[in-house]
Amino acid sequence: MTTETAPFLATTAGSQPANDTPSYGSTHLRHPTQPLLRIPQTVTETTGPRFSPTQFAPMADLSVTGGKQAQGERIIVRGRVLDENDRPIPHTMIEIWQANAGGRYDHPGDQHDAPLDPHFHGGGRVFSDADGWYQFVTIKPGAYPWRNHHNAWRPNHIHYSLFGTGFGQRVITQMYFPGDPLLALDPVYLSVPDRAARERLVAAFDIDITAPEWALGYRFDFVLRGRNATPTEQG
Amino acid sequence: MPVATANQTIGPFWHLIEDPTWADLTRFGAEGEKIVLTGTVTDGGGNTVADAAVEIWQTSPEASETFPGFGRCRTDSTGSFRFMTLKPGPVAGLGNAQQAPHVAISIFARGLLKALTTRLYFQDEALNETDPVLSLIDNAARRGTLIAKKVSADTWRLDIRLQGGNETVFMDI
């Protein structure tokens, strides 16, 4: 066993994007130029906030707003939250947000010329169960243009935010869809140097998650940083 | 052994999950010394960063039913954030070390592919002199990028510079 305050494992080389990624233009003026300060992990880093479904109400069906169905292809997303020690992370909060089926966010900053859907907002929240499983229903988000370079389009993606069990375990990421031709052209996706780490951001179509006569299913697992074994760990 | 999932940018539209009340860590009825933490986030061109999510986490006072220890606040059109929280006390460090009162900060934004993490310390705390993290920074000006200035009876200010002159010290944890 590991304890709740054991330090987190070091990050595996190549598995995380670099702050300075020239192909993604917005990093240009926003990445630090000084080396990061390596600090020892104290209780500040090894512990983190707890969110309870009683205080933070789950919103597990993004496909219905105001009792009406959103436009687009309904999908089910299901998977597990694990850590690098292969242990499930139970009862942890997952925040979800995305564009609508036409590739438009219900956000004043999004000026893409695609229709808003009055029955799709695009924000959700679920909790993993006792074994780390989570599931939600949404519609497949559309691709949309952005101004990073000429004719730049973001691949279909869903944003996620997870807290895990400690400040050092926080992750914000994006899930992509299999077979998307835009992945090979997307600087955000390609910012992850290691190909295997990158490809784990792509969900898998799963016929067992697919609900007959109702919605396609996709499998997507999260892996949060593991913790070092404590000196007292045995077998 | 599986490797941790890669981070991807929070992007400019994260406000779809925003709850502005999260910026007030005293909203569940916490009692103690209430303080305001504020500041402005700027980039390497001196431009304000108006689309960031600033998150704070503190282990003192200990999180409870009335005090989440965690807050999130957007930067507004002027690049500013503003939290209401409780003033932290000293925090246990490694071994017998004691850490000065501090708040951990994560910055997420378009153009940041993963969080930038730093800490906020408080001006005029005696423990700052011996704090194990501040002591890792030899350059006094660099160290100063982590120390909030008291600007009124209950308000501390710490500006965050992502890049360039007086760049904030960011941390690898």
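**Ground rules.** I am working with a predicted model, in which local features need pLDDT of at least 70 and side-chain atom pairs count only at pLDDT 80 or more, while totals for chains, interfaces and linings use all residues. Residues are numbered from 1 along each chain as its sequence is written, and chains are lettered from A and ligands numbered from 1 in the order in which they are written.

**Chain B.** Along the sequence the pattern reads β-β-β-β-β-β-β-β-α-β-β-β-β. I then checked the overall size: the radius of gyration of chain B is 16 Å, which agrees with the value near 16 Å for a compact globule of 173 residues; this radius is taken over C-alpha atoms, and the globule rule is 2.2 Å times the number of residues to the power 0.38. Of the 173 residues in chain B, 46% are buried, meaning that 20 or more other C-beta atoms, placed from the backbone, lie within 10 Å of the residue's own.

**Where the chains touch.** I noted that 60 residues of chain A are in contact with 54 residues of chain B, contact meaning that C-beta atoms, placed from the backbone, lie within 7 Å. On the chain A side, β11(A) gives the largest share, 4 residues. By class this side has 22 nonpolar, 25 polar and 13 charged residues; Ala, Val, Leu, Ile, Met, Phe, Trp, Tyr, Cys and Pro count as nonpolar, Asp, Glu, Lys and Arg as charged, and the others, Gly among them, as polar. I also found that β1(A) pairs in the parallel sense with β12 of chain B (residues 171-172) over 2 bridges, pairing being counted when DSSP finds at least two bridges between strands. Arg38(A) stands opposite Asp172(B) in β12(B).

**A sheet in chain A.** I followed an open sheet of 4 strands, ordered β6-β5-β10-β11 in chain A and paired antiparallel. Its edge strands are β6 (123-127) and β11 of chain A, each of which pairs on one side only. Within the sheet, 5 bridges join the antiparallel strands β5(A) and β10(A), and I recorded Ser161(A) in β10(A) as the bridge partner of Glu95(A).

Notes. Buried ≥ 20, exposed ≤ 12 C-beta atoms within 10 Å, placed from the backbone. Contact = placed C-beta atoms within 7 Å.
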